[in-house]
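Q: Can we go through this model together? I'd like to talk about its salt bridges and its sheet.

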Amino acid sequence: MSKRDTYESRTEQLLTPIVKANQFELVDVEYVKEGSSWYLRAYIDKPGGITIDDCELVSRALSDLLDKEDFIEDSYILEVSSPGLLRPIKKDKDFERNLGKPVEIRLFKAVDKQKEFIGALLSYDKESVAIEVDEQTMNFARKDIALIRPAVFFD
């Protein structure tokens, strides 16, 4: 397991009781480098949306545990936030929630000279995702997908 995977996994273990106690959902944890800084980000959600106070509550509790456990070698910036409207679809529960709904898929490499597709999410499994585009089923290997998120249309 890579350092990044270890940090994300251990942080998720610390976060799980905090979010459950507050009836939130832990959407994702990521440890990423942007520029010269490392960021440890936790995304939380709840029906009706997350508030700044919710983020602050989780951030303070998590920060205390991270200080106590002290397993991250690098200096980093801790962020706790809502995943927002364009929340990435990563986990099975996210896929279930979006079955039949329009999703946007971005690929690492172009297929038929195209890297972005929008269609209704038909099915998924560990290996692939299927969407309906113009009454046609398109299948994508999960390893080829850079991002899946709900499609948002503006009138």
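Q: Lys90: buried, partly exposed or exposed?
A: Lys90 is partly exposed, at 42% relative accessible area. Buried means under 20%, exposed over 50%, partly exposed in between (1.4 Å probe, protein chains only). This is a predicted model: local features need pLDDT of at least 70, side-chain atom pairs count only at pLDDT 80 or more, and totals for chains, interfaces and linings use all residues. Residues are numbered from 1 along each chain as its sequence is written, and side-chain values use heavy atoms, leaving out hydrogens and water.

Q: Which side chain does Lys90 meet in a salt bridge?
A: Asp28, at 2.5 Å, N to O. A salt bridge here is a side-chain nitrogen of Lys or Arg within 4 Å of a carboxyl oxygen of Asp or Glu.

Q: Where do Lys90 and Asp28 lie?
A: Lys90 is in the loop between β3 and α3, Asp28 in strand β1, so the pair ties together parts 62 residues apart in sequence. Helices (H or I, at least four residues) and strands (E, at least two) are DSSP runs, numbered from the N terminus. Asp28 is buried, at 14%.

Q: How many salt bridges does the structure hold?
A: 19. One of them joins Glu25 and Lys93 at 3.3 Å, N to O. Glu25 is in strand β1 and Lys93 in helix α3, 68 residues apart. Glu25 counts as buried at 19%, while Lys93 is partly exposed at 36%.

Q: What about Arg41 and Glu30?
A: Their side chains form a salt bridge at 3.5 Å, N to O. Arg41 lies in β2 and Glu30 in β1, so this pair ties together parts 11 residues apart in sequence. Arg41 is buried at 11%. Glu30 is buried too, at 18%.

Q: Which residues do salt bridges with shared partners join into one network?
A: Glu25, Asp45, Arg87, Lys93, Asp94 and Arg97.

Q: Switching to the sheet. What's the strand order?
A: β1-β2-β3, in an open sheet with mixed pairing. Two strands pair if DSSP finds at least two bridges between them. β1 (25-34) and β3 stand at the edges with a single partner strand each, so one side of each has no neighbour in the sheet.

Q: How many bridges join β2 to β3?
A: Six, and these strands run parallel. Arg41 stands opposite Glu79 in β3.

Q: And which strands does helix α2 touch?
A: Helix α2 (residues 52-69) packs on the sheet and touches β2 and β3. Contact means heavy atoms within 4.5 Å.

Technical notes:
Axes are lines fitted to C-alpha atoms, for helices over the stretch in contact, and angles run from 0 to 180 degrees between N-to-C directions.
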